[in-house]
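Here's a walk through a two-chain model, written for someone who would rather look at the structure than read a table of numbers. Have the viewer open as you go.

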Amino acid sequence: MRDADGEVRAHFRALADWLAETPAERVAEKRREADLLFHRVGITFAVYGDDAGAERLIPFDTIPRVIPKDEWDGLAKGLRQRVAALNRFLHDVYHGQEILKAGVIPAEQVLTNDGYQVAMLGLDVMHGVYSHIAGIDLVRNDDGKYYVLEDNLRTPSGVSYMLENRRMMMRLFPELFARQAVRPVEHYPALLLETLRAVAPPQVRDPVVVVLTPGPYNSAYFEHAFLAQQMGIELVEGPDLFVKEGYVHMRTTSGPERVDVIYRRIDDAFLDPLAFREDSMLGVPGLLSVYRAGHVALANAMGTGVADDKSTYPYVPEMIRFYLGEEPLLENVPTWQCKKPDDLELVMDRLAELVVKEVQGSGGYGMLIGPAAKKAEIETFRARIKANPANYIAQPTLSLSTCPTFVEMGVAPRHVDLRPFVLSGKEVKLVPGGLTRVALTEGSLVVNSSQGGGTKDTWVVD
Amino acid sequence: MLARVADRIFWMSRQMERAENMARILGVTSNLLLFGSKELQRQNLLAPLTITGTTETFFEAHRELTLPSLVEFLTLDPKNPGSILSCLRWARENAHAVRWQITSEMWETLNATWLEARSIPRSRVTGSDATQFFDWVKDRSHLFRGVTYGTIVRGEAFNFSRLGTFLERADNTARLLDVKYHVLLPAVEDVGGALDYYQWAALLRSVSSFETYRTLYRDQIFPIKVAQLLILERRMPRSLAACFDQVKEAMDRISGRSDQAAKRLAYELHARLTHAEIEEIFQGGLHEFLTECLKDIGELGSRIQRAYLGAV
């Protein structure tokens, strides 16, 4: 919020003034109100391993994160570029594999990747879009520049919090919105539905779209239900769907109804027990054959994991140059791949200063933050890397930018990241901002909700 | 509406109604035990097991039939799928699975009911406080039905909820009567003594219609009129006729593609209860009439499952 000279940055001034002139009790009272509302609405996430139906609130911070419009416009351009290149890459690796032939990315990196889906070979998808909903995690370093931390091209979640956080802020602090023009995000469900309808099989006139969820015990069930409700479409579970005569149908009280587009929040491996994991109770037997026949659209497509794998990530800037002939607008965080001997040596030498991640990891699990780790932890990790170097990448520890946040002691700086959601259908669309996650523990860099992170409303201001 | 969702809503409502009916049956049973011979007391103790078809299950786990063992089995026994606790748990589980298709008030009512029920100690249902517990169950059921009626959109969710409630209630009223029919039968001419009076009064109370009888008939309690009230009196909301008015209304609003068999049977039952006369029923045999009704109600349930709820 402050620049190098300690001055409040211009876009944050309105908010800083408001914070200064509002009595602390009123703010505290509003925070309690927010907690109560979130509980009542049921914006919770299920916690694995807990008693059936156990639910927790994700802490919500009432101080918004503010992004000036020029900064956002630059980001948006970079995000469109990046997602476009990633979709081109996905199309390529399942068709001509030009990028592999050109030697830009090692073939084995792609073809032996766990996320590479042979079933997708030669299959054409509408508008060449594979990742219809992409969540790109960004961090802002203290040099003021944004870096892409990771791409989420499979089933990124969190957008419901973005929407609910905004609704909550408007309800709690209407006066703040009167002070400055905050760009709206409420139309996200409408854009999402438009995107999903746009990728229906071409012969379908008025496509039926559904959200496919693993069920109430999934940690993101709230979001699945929320989005279905907001779009006004059915929330289905695997057993609600069946394949008959080459099409997917859902069982309704008035008989079978054909389904044209499935916004699925289930991993590839569970989608079709006949094609993938036969023990999957979540999927739809025969779905793959209908998909391959072009009689149903899946969003996101199968096999997108090969592009958002952390070992593929270092090649994204090259993809942008290769497919689009442009220079990347958003930078990657410098990344060392432990499978390369030189990189491995360097990583082992500097383990105490680096962040190390599993290539397939997510949710903040299985990572090492060197500067915050104890000696013993570092050594344990060293042994793990040594045993399977290809499973790890390392990055320098960024000095993430912070954002004023309510903590027990009052307002204090806490580290934040940003996940904008990019929708690709016939066109590419995104709502201004995204989900800001905040590490609530002082000095912590881990913002994942499963690790005690919270969220904030994100304002792009004109 | 998705078949799975409709199924959950249908059973959510059925289970809640079932819990209420069980509380009613047990309330009456403990009352009846205050009077009568040993043999009559045993009959009265057996009645709840007969009604719920759990006599065998009960004697597998218990050697002796006593009021406390009976009540515990039918209220808090988690192993008995028909116990009040099991019903409340299933009502809540069903609601949990569709909590985004029902109103938050409905979900909160069932959730809170379950949370309270599971921490109720044995002493509260087997001691002298039992009546309070039965009243609490009835209250929660009334609350749930009221909340549902007052908050939910008039659409398929509402229709299937009503269908579940009234099919279950019809089933229960018929069973309740069937178990007691012998008390009503011999007395057509021979109006019984004080003991019979208590039996009839208890039967009426179990369906909250002791006062209703007085209001509607302004007469002494005659068995044939008790049967009239519980079977054919559509002004009495727990009578078979009233239940089938509601079942028919719900079925009228539900649109299905291959539901002719289900609708036909529902309308047949409705017509039977609309045009029957109580004297006729007694001539043909009350027990036979009720057996036929129960069989048809069961069959209607299966047809509803097949037509709408995704049963194969």
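Before looking at helix pairs, a quick word on terms: an axis here is a line fitted to C-alpha atoms, for helices over the stretch in contact, and angles run from 0 to 180 degrees between N-to-C directions. Keep in mind, too, that this is a predicted model.

**Chain B, the helical one**

Chain B has 16 helices and 0 strands. Its C-alpha trace spans about 55 × 50 × 35 Å along the principal axes. Is that in line with a compact globule, or out of line with one? For 312 residues, a compact globule would have a radius of gyration near 20 Å, and chain B comes in at 19 Å, so the two agree.

| Helix pair in chain B | Axes come within | Crossing angle |
|---|---|---|
| Helix 1 (residues 3–32) and helix 2 (residues 38–52) | 9 Å | roughly 165 degrees |
| Helix 5 (residues 84–97) and helix 6 (residues 104–117) | 9 Å | roughly 145 degrees |

Take helix 1 and helix 2 of chain B to begin with. Angles over 145 degrees count as roughly antiparallel, and these two helices are therefore roughly antiparallel to each other. Their crossing is right-handed. On the helix 1 side you'll find Ile25(B), Leu26(B), Thr29(B) and Leu32(B), and they meet Asn44(B), Leu45(B), Ala47(B), Pro48(B) and Ile51(B) of helix 2. Sorted by class, the residues of this contact are 7 nonpolar, 2 polar and no charged.

Now the other pair. Helix 5 of chain B passes helix 6 of chain B in a left-handed crossing. Helix 5 brings residues including Leu85(B), Leu88(B) and Arg92(B), while helix 6 brings, among them, Trp107(B), Leu110(B) and Trp114(B). This contact has 9 nonpolar, 2 polar and 2 charged residues.

Chain A splits into domain 1 (62–163 + 184–333 + 418–461) and domain 2 (338–397). Taken over C-alpha atoms, the centres of these domains are 27 Å apart.

How many residues of chain A are in contact with chain B? There are 17, and they are in contact with 17 residues of chain B. On the chain A side, the elements that give two or more residues are helix 9 (221–231), strand 7 (234–237) and strand 9 (247–252). Strand 7 of chain A gives the most, with 4 residues. By class, this side of chain A has 6 nonpolar, 7 polar and 4 charged residues.

How values were computed. Residues are numbered from 1 along each chain as its sequence is written. Chains are lettered from A and ligands numbered from 1 in the order in which they are written. This is a predicted model: local features need pLDDT of at least 70, side-chain atom pairs count only at pLDDT 80 or more; totals for chains, interfaces and linings use all residues. Two residues are in contact if their C-beta atoms, placed from the backbone, lie within 7 Å. Ala, Val, Leu, Ile, Met, Phe, Trp, Tyr, Cys and Pro count as nonpolar, Asp, Glu, Lys and Arg as charged, and the others, Gly among them, as polar. Domain bounds come from an automatic or database domain assignment. Angles under 35 degrees count as roughly parallel, over 145 as roughly antiparallel, 65 to 115 as roughly perpendicular and the rest as oblique. A crossing is left-handed if the near helix is turned anticlockwise from the far one by less than a right angle, and right-handed if clockwise. The radius of gyration is taken over C-alpha atoms; the globule rule is 2.2 Å times the number of residues to the power 0.38.
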